[in-house]
Structure formats: C-alpha cells, structure tokens
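Dear colleague,

I am handing over the structure below, together with some notes for someone who has not seen it before. Please have it open while you read.

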Amino acid sequence: MTPAAFAGREARAAIETFAGETMGTSWSLHAVLPPTGAAEGVQAVLDRVVATMSQWEAASDLSRFNRAAPGVWRSVPLELAHVLEAALAIGRSSGGAFEPALGRLTEQWGFGSAGPVERAPAKAQHTGRIEFDPNMREARRSEDALLDLSGIAKGYGVDAVAEWLLAQGTRHFLLEVGGELRGEGIRPDGQPWWVDVELPPDWTGSGWRIALHDLAVATSGDYRRGFEVDGKRYSHSFDPRTGRPIINGVRSVTVIHRSCMMADGWATALTVLGPEAAMKLANEQQLAACVMAREREYVSRAWAAMLG
C-alpha cells in the first residue's frame with residue numbers, strides 16, 4: 001500500500017454505508033468521511049450512466065443511436081464515446097471475443113429490452129458492425145448492428161462514481177455495483193478493503209480474498225443469467241464469432257484492474273475465449289485474471305504475482 005494512503009488515514013473516523021438500486025441490480029458504498037448527500041450523489045451519477053448507455057431505456061443515448069439510420073455517422077456523448085472506444089479496443093485485442101454490436105443477437109435470445117423468449121432461435125448470427133471515429137467522436141452502425149454495452153457499462157458506472165467521490169475529496173471507500181467493485185485508499189484501521197471473489201454456486205474449491213487498495217475487480221459468470229428450454233440451459237454469455245451462448249466449460253472469470261470498466265470488459269472477453277485461450281491472452285495483455293472452469297482453476301502470471 002502507498003505511503004500516501006496512510007498519510008491521509010483518519011484512524012478515528014467511522015465507515016458510513018449507503019445503498020440503492022441501479023441497472024437492474026443494487027449498489028453499495030462504504031466510505032470514510034463521505035461527502036454531504038453521498039447517497040443522492042452516487043445515485044445521480046449512476047442515473048446519468050443509465051440515461052447514456054441503457055438499451056432498456058428508450059430515451060437513452062444508446063437507444064437513440066440504435067434507432068438511427070444505419071450507415072450514417074452520428075455524434076456520441078463523451079461518456080458513451082469513452083466506453084465504446086474501450087469496448088472496440090478489447091474486441092480487437094481479443095480477436096473478436098468481445099463485441100459491442102451484439103444488440104440484435106441478444107434481443108433474439110431474450111436478453112435485450114424486448115424481454116425473454118420461449119424458445120432458442122432456430123438461426124441466430126452476428127453480422128453487425130459498429131465503427132467509431134475517436135477524432136470526430138462519431139459512430140455509425142451497419143444494417144444488422146445494435147449497440148449493446150452490457151458487458152462493460154456496469155464497470156464504467158463504478159469508475160464514474162469513484163471519480164465523483166474522489167473529486168468530492170473522499171479518498172477512502174469501497175464501492176460495489178452488481179458485484180463489480182472498486183476500492184480506494186484504506187480503512188480507518190489501516191487495513192485495505194478486503195473482498196471475496198464471487199464463486200459459482202456449485203464450486204467446491206477454495207476461494208480468493210483480494211485487498212482492493214486503489215484497484216477494481218469484476219467477475220463474469222455463466223450462472224448469473226440464462227434461460228432453460230426443454231431441459232437445456234443457455235447462458236447469457238455469447239460468443240460473437242458463433243452467435244450462440246458459450247459452451248466452453250468456463251464457470252466464471254475474475255479480472256483485477258485499476259479500471260473497473262476494463263476489468264468488466266476483459267472478464268467478459270476471457271469468459272468467451274475458454275480457459276486455455278483466456279490464460280494465453282491474459283498473460284499477453286498482462287492481466288491479473290482467474291478462470292474457474294468445470295475441470296480446474298487457472299490463474300494468469302499477473303494474478304500469481306499479486307500473491308507475493
């Protein structure tokens with residue numbers, strides 16, 4: 001831990017707790033010396049992210065982009081541009097395992113704004129494409145492309161709230177949105193913010209406890225959402241290259257990163273790749289990643305280095 005964190009430690013201060021709802025899930029904040037109106041401030045930031053990036057809100061910037069004519073360049077808000085650029089970068093680096101243009105596919109499988117479906121689609125294929133010009137901050141979609149940032153936007157929401165708290169002068173806090181977390185500074189007792197890695201429901205191995213000191217962690221799991229038809233369960237995690245839910249044996253992927261947005265996006269991409277390919281790419285990208293598969297657990301070199 002950094003000397004700066006200890007220098008700013010308030011040993012006698014209390015940890016205050018706040019909570020609310022957002023993005024179809026819950027959020028919580030444990031903070032030392034939080035700003036006045038902390039709960040309202042956190043909710044306002046998260047509401048702003050929803051108003052920008054939700055595919056379930058018809059008036060959101062993302063939904064308006066999806067209703068725009070294909071092939072036409074459109075200016076996008078700064079936050080949406082930031083997340084879209086990160087999503088496309090992860091997609092390129094992962095060989096297409098992450099794809100922000102999957103909206104039409106997720107709708108076909110019942111995970112979009114239209115709600116659940118009664119049966120698996122007979123034929124579902126991803127052919128859409130989103131282009132982004134970072135210099136002009138403009139994007140356009142192809143005929144079959146609908147923007148879907150559900151694999152990365154929640155992590156961005158965590159970062160957006162964390163940056164707001166830091167700007168308010170709150171240096172020590174643990175923030176969580178739907179299982180994605182970011183810890184800044186330390187607790188009053190000098191300890192970091194300790195959190196346990198989320199485990200698949202039937203996981204029989206031991207878990208991990210992480211010290212979140214100026215770090216974020218995100219977990220993607222095949223058990224979180226899905227649906228069952230004729231005794232077969234389909235995961236909400238899609239392989240953009242096949243257009244179908246994954247069946248690669250991965251139960252969950254956890255990524256530790258300075259940015260919760262990047263941890264969230266990379267956890268999604270590594271889940272799609274499968275255990276061996278995920279570990280190879282995590283090592284190439286120097287990502288601290290842990291993959292829990294049906295047969296065994298895998299950890300990247302960067303994850304193992306954090307144990308020292």
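Helix α4 is followed by G95, whose phi is positive, near 65°. Please keep in mind throughout that this is a predicted model.

The helix itself covers residues 78–93, and its 16 residues reach 23 Å from the first C-alpha to the last, which is close to the 22 Å expected at 1.5 Å a residue.

Turning to charged pairs, the structure holds 15 salt bridges. In one of them E79 pairs with R48, with the closest N and O atoms 2.7 Å apart. Because E79 belongs to helix α4 and R48 to helix α2, this pair ties together parts that lie 31 residues apart in sequence. E79 counts as buried at 16% relative accessibility, whereas R48 is partly exposed at 39%.

A salt bridge also joins R241 and D239, at 2.9 Å from N to O; here R241 is partly exposed, with a relative accessible area of 46%, while D239 is buried, at 11%. In the salt bridge between R187 and D189, the N to O distance is 3.7 Å, and R187 is partly exposed at 29% relative accessibility, as is D189 at 49%.

Finally, a network of salt bridges links D159, E163, R171, R182, E184, D214 and R258.

Best wishes

Conventions
Residues numbered from 1 in each chain as written. Predicted model: local features only at pLDDT ≥ 70, side-chain atom pairs only at ≥ 80, totals over all residues. Heavy atoms only, no water. Helix = DSSP H or I, 4+ residues; strand = E, 2+ residues; numbered from the N terminus. Expected span 1.5 Å × (residues − 1). Salt bridge = Lys/Arg side-chain N within 4 Å of Asp/Glu carboxyl O. Buried < 20%, exposed > 50% of the residue type's maximum accessible area, 1.4 Å probe, protein only.
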